[in-house]
Amino acid sequence: MIQSSFVARDDALSWGRVMRERQKVAHPRFCDELPSLLRDPSAASKLPVGLLRSYGDSCLNGAGALIEMCGLDRFMDFDAETGVLRAEAGVSLSELLRLSVPKGWFAPTTPGTRFVTLGGALANDVHGKNHHRAGSIGRHVRAFGLLRSDRGRQTVTPQNDPELFASTIGGLGLTGIVEWVELQLARIGGAFLDVEIIPYGKLEDFWPLAEESVSDYEHTVAWIDCASRGEKSGRGIFSRANWIADSAYDLHDDRSWKRVFIEAPGMALNRLTVGAFNEAYHRANSAKAGKSRQHYAPFFYPLDAIGGWNKLYGRRGMLQYQCVVPRETQRDAIRALLDVIADSGQASFLAVLKTFGDLPSPGLLSFPRPGATLALDFPFRGDTTLKLMARLDAIVADAGGALYPAKDGRMSGDMFRRSFPKWGKFMKDPALESDFWRRVTQ
Amino acid sequence: MTDRSQHIVILGAASAIAEATARIWAQSGASFVLVARDTSRLEAIAANLKTRGAKEAVAWPLDCATADASAELDKMIAALGGLDVLLLAYGDLGDQAEMERNPEAAAKLIQTNFTSAAAWCLAATAVLEKQREGALIVIGSVAGDRGRRSNFIYGATKGGLARLVEGAAHKLAPIGARAVLIQPGFIDTPMTAQIKKGPLWAKPEQIAPAIAASAQNGGPIIYVPGFWRLIMLVIRNLPTFVFNKLNI
């Protein structure tokens with residue numbers, strides 16, 4: 001019987017591709033391999049990881065080793081009557097949908113890529129465009145199997161161990177190895193959505209649009225042009241959608257002909273190209289304004305159509321900045337953030353603005369909370385980028401906001417503690433560590 | 001897919017290549033007997049195949065390398081209610097240096113990869129010959145195409161098995177049944193975890209469709225990915241004085 005072990009690899013990079021430290025990685029395929037990997041003395045600490053879609057260092061462990069869980073990708077049970085699915089933690093959202101969509105079920109909420117594992121979705125308590133209806137994904141987790149170095153195996157539910165459940169949802173993979181997840185899926189009447197695109201001219205127009213859409217639309221989000229300044233500052237494209245119940249259950253296709261094979265030259269994304277892209281994107285979408293029928297893949301996962309798009313940021317990679325600011329301060333704070341970003345001239349073309357609803361996130365370290373969340377990419381340019389982000393931090397901290405660990409590769413310990421005031425109760429597994437965790441807790 | 005691939009026995013069902021192939025067959029409602037040593041692994045695989053559409057998936061814990069092939073195969077066929085495909089996917093890589101020092105280690109690898117595998121192939125061929133339909137699919141290796149200093153004991157077991165399957169295919173061809181040898185190139189599986197990967201490497205799920213389709217047609221020797229046919233054509237035909245200089 002084959003037992004996997006750790007092998008040093010250069011190709012284990014997080015999605016932002018900034019950190020390049022060599023990682024020791026094991027690729028187990030079965031649960032029975034995990035206890036000995038957890039005990040393996042060849043690495044000081046371990047971290048279970050999935051498809052490495054986190055942007056910074058929360059999915060890296062250079063001083064220890066990674067247990068890559070993608071080989072544990074089996075379904076255990078699916079009840080097409082109730083929509084309860086149980087699967088190993090390495091099953092991707094893409095595979096899950098392949099099974100569930102033809103039977104009329106969708107993920108209860110989904111991030112902007114389907115190439116995440118269930119374990120990763122749980123460990124970051126991911127959210128989606130339907131946050132105001134569904135909350136974060138942790139709300140739909142009925143149970144999970146957890147293997148800890150100090151407690152062995154246990155099945156955790158919100159009822160039987162509320163503390164460990166709350167620690168593990170959004171727990172960045174640090175509370176034990178999640179071996180399997182039981183999830184309540186959401187009923188859909190078809191694979192298509194009725195999508196309405198509404199271009200708006202400035203940030204101040206976003207808020208009423210968001211407010212009026214919440215009650216009648218299950219999905220809302222806005223793309224925002226961070227390069228625009230002056231009168232047009234914060235202009236964007238608002239989109240809102242509802243599922244169509246026409247029983248057309250077409251599946252997505254992962255075989256994309258669009259793929260970025262090599263890292264783009266560092267100069268590819270600069271003020272000019274980003275400005276031009278944003279202008280073109282704004283115009284193209286303004287032309288498409290109005291209602292259309294769209295499949296879930298282009299609606300939820302537009303970037304998944306271009307494999308390896310993160311390589312467009314070149315050899316130095318990118319950092320993402322995602323914050324949430326409370327409802328009371330959101331208008332001023334987002335305004336201030338956009339002004340600083342536009343002035344810096346460093347903004348990139350992927351910026352998203354969305355309002356979160358009131359449904360509480362179940363995790364101690366869950367990111368989603370009532371307010372507005374802004375997410376955008378910055379090509380990494382060393383100190384210049386870090387200084388800009390520190391200025392953004394000050395605005396977020398002032399507003400009483402938080403940063404998203406899944407997107408982060410540089411937040412300070414102070415910023416982490418402000419974002420997650422309950423972190424002291426976190427039930428970390430002593431055998432697990434990540435580069436992120438070392439950074440924010442030391 | 002037609003009824004032909006409905007009753008499937010997989011020897012070495014916990015191997016990454018076998019599991020990826022079984023997932024494709026499961027989608028068309030096949031019934032499986034899944035054979036490997038570890039019960040818990042087999043049960044995880046069986047549950048997955050059933051969730052993905054398999055009509056039945058029976059975990060059958062057994063050490064293929066030491067089992068009584070013919071008797072066990074009869075039991076499996078009785079449990080399944082027929083045999084349309086037998087996929088033989090178990091095998092070991094062995095440690096060449098260790099096996100050169102230690103004849104017992106070499107004998108063990110030969111028992112696993114060749115002697116026992118040959119017994120299963122002969123048992124399956126006899127069944128297919130009698131029923132005049134069905135397919136035997138055997139996972140070989142490009143290492144069997146030409147003996148190389150880095151792994152010629154493993155290569156010998158796979159080369160020997162290749163000749164056996166080729167012969168079975170020749171025997172079965174006139175009567176409507178088939179035997180197929182799959183020749184995987186470099187595949188990223190737990191068996192090869194310690195080897196540094198280059199651009200020639202493929203994932204099990206990339207070669208699985210070709211293996212699954214071989215139950216219906218093609219063969220008797222199928223290289224996966226297909227470009228390995230050309231690579232091995234070159235390797236086999238390299239003049240000795242060139243070949244001897246290659247450290248492969």
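Where in chain B is the place of B:Leu62? Select B:Leu62: its place is in the loop between strand S3 (56–61) and helix H3 (69–80) of chain B. Helices (H or I, at least four residues) and strands (E, at least two) are DSSP runs, numbered from the N terminus.

Before going on, note what is on the screen. This is a predicted model, in which local features need pLDDT of at least 70 and side-chain atom pairs count only at pLDDT 80 or more, while totals for chains, interfaces and linings use all residues. Residues are numbered from 1 along each chain as its sequence is written, and chains are lettered from A and ligands numbered from 1 in the order in which they are written.

**Stop 1: around B:Leu62**

Keep B:Leu62 selected. B:Leu62 is partly exposed, with 17 other C-beta atoms within 10 Å. A residue is buried if 20 or more other C-beta atoms lie within 10 Å of its own, exposed if 12 or fewer, and partly exposed in between, with C-beta atoms placed from the backbone. Leaving aside neighbours within four places in sequence, B:Leu62 is in contact with B:Val35, B:Ala67 and B:Glu72. Two residues are in contact if their C-beta atoms, placed from the backbone, lie within 7 Å.

**Stop 2: B:Ala36**

Select B:Ala36, in strand S2 (residues 31–36) of chain B. Is B:Ala36 buried or exposed? B:Ala36 is buried, because 25 other C-beta atoms lie within 10 Å. Apart from neighbours within four places in sequence, its contacts are B:Gly12, B:Ala13, B:Ala14, B:Arg41 and B:Leu42. Then pick B:Ala26, ten residues from B:Ala36 along the chain; their C-alpha atoms are separated by 18 Å.

**Stop 3: the sheet of chain B**

Select the seven strands that form an open sheet in chain B, in the order S3-S2-S1-S4-S5-S6-S7, with parallel pairing. Two strands pair if DSSP finds at least two bridges between them. S3 and strand S7 (221–224) of chain B stand at the edges with a single partner strand each, so one side of each has no neighbour in the sheet. From one strand to the next the twist averages 15°.

Strand S1 (residues 7–11) and strand S4 (residues 85–88) of chain B pair in the parallel sense over four bridges. Select B:Ile10 to find its bridge partner in S4(B), B:Leu87.

Next, show helix H2 (residues 39–51) of chain B, which lies across S2 and S3 of chain B and runs at about 170° to S3(B). Axes are lines fitted to C-alpha atoms, for helices over the stretch in contact, and angles run from 0 to 180 degrees between N-to-C directions.

**Stop 4: chain A and the interface**

Show chain A, with twelve helices and 19 strands. Of its 442 residues, 53% count as buried. Now select the interface: 14 residues of chain A are in contact with 15 residues of chain B. On the chain A side, the largest share, four residues, comes from strand S5 (residues 75–79) of chain A.

**Stop 5: confidence**

Color chain B by pLDDT, the predictor's confidence in each residue, from 0 to 100. The mean for chain B is 94, and 98% of its residues reach 70 or more. Over residues 1–5 of chain B the pLDDT is below 50. For the complex, the predictor gives an ipTM of 0.93 and a pTM of 0.94.
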